[in-house]
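Visitor: I have a model open on my screen and would like to learn how to read it. Could you walk me through it, feature by feature?

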Amino acid sequence: MMRKENLVPVFMNLLAVTSFNRLSLHVLVEQAQSGLFIASVPELPNCTAEAETRSDAIAAVQEQIKARLANI
């Protein structure tokens, strides 16, 4: 997991994801100094993903959400 001091504060985005059977979660997207994008879900502990593009990070974290919900 990335530490907060490694993040570039200029690029931060909070998205509402509502496509999981009306479940509303937020996806926070930040860009690290390394250039990687980090997507996380504040409502779910340890639910983060890193990728080279913003859309890949979001897709990866959405897969984590689906996997967690499948196990409930």
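Guide: We'll go from the overall layout to the strands, the core, the helix and the surface.
Guide: A quick note on sources: this is a predicted model, where local features need pLDDT of at least 70, side-chain atom pairs count only at pLDDT 80 or more, and totals for chains, interfaces and linings use all residues. Residues are numbered from 1 along each chain as its sequence is written, and side-chain values use heavy atoms, with hydrogens and water left out.

Visitor: Which elements does the protein chain have, and in what order do they run from the N terminus?

Guide: Helices (H or I, at least four residues) and strands (E, at least two) are DSSP runs, numbered from the N terminus. Here the protein chain has 4 strands and 1 helix, in the order β-β-β-β-α.

Visitor: How do the strands pair up, for instance β2 and β3?

Guide: Two strands pair if DSSP finds at least two bridges between them. β2 and β3 are antiparallel, with 4 bridges, and Gln-31 sits opposite Phe-37 of β3.

Visitor: Which residues cover the two faces of β3?

Guide: In a regular strand the side chains alternate between the two faces of the sheet. For burial, look at relative accessible area: buried is under 20%, exposed is over 50%, and partly exposed is in between (1.4 Å probe, protein chains only). In β3, Phe-37 and Ala-39 are buried on one side, and Ile-38 and Ser-40 are buried on the other.

Visitor: Why does Ser-40 count as buried?

Guide: Ser-40 counts as buried because its relative accessibility is 14%. This serine lies in β3, residues 37-40. Contact means heavy atoms within 4.5 Å; leaving out residues up to four places away in sequence, Ser-40 touches His-26, Val-27, Leu-28, Cys-47, Thr-48 and Val-61. Across the whole chain, 29% of the 72 residues count as buried.

Visitor: Which residues of the largest nonpolar core touch the most other members?

Guide: A nonpolar core is a set of buried Ala, Val, Leu, Ile, Met, Phe, Trp, Tyr and Cys residues joined through side-chain atoms within 4.5 Å. The largest one has 13 residues, and Val-27, Val-29, Ala-39, Val-41 and Val-61 touch the most other members. The elements giving two or more residues to this core are β2 (23-32), β3, β4 (48-51) and α1, and α1 supplies the largest share, 4 residues. Take Val-41: apart from neighbours within four places in sequence, its contacts are Leu-25, His-26, Val-27, Cys-47, Val-61 and Ile-65.

Visitor: How many salt bridges does a search of the whole structure find?

Guide: Side chains of opposite charge can pair when their charged atoms come close. The cut-off for a salt bridge is a side-chain nitrogen of Lys or Arg within 4 Å of a carboxyl oxygen of Asp or Glu. The search finds 1, and Glu-63 and Lys-66 form a salt bridge at 3.7 Å, N to O. Both residues lie in α1, 3 residues apart, about one turn of the helix. Glu-63 is partly exposed at 48% relative accessibility, and Lys-66 is partly exposed at 43%.

Visitor: Where does Asn-46 lie?

Guide: Asn-46 is in the loop between β3 and β4. Its phi is near 55 degrees, a positive value in a residue other than glycine. With a relative accessible area of 62%, Asn-46 is exposed.

Visitor: Which residues form a nonpolar patch on the surface?

Guide: Patches are made of residues with over 30% relative accessible area and no salt bridge: like charges are joined within 9 Å, nonpolar side chains (Val, Leu, Ile, Met, Phe, Trp, Tyr) within 5 Å. Accessible areas come from the Shrake-Rupley method with a 1.4 Å probe; for residues, only the protein chains shown count as cover. Leu-23, Leu-69 and Ile-72 form the patch, with about 290 Å² of accessible area together. Ile-72 lies in the segment after α1 (54-70) and is exposed, at 83% relative accessible area.
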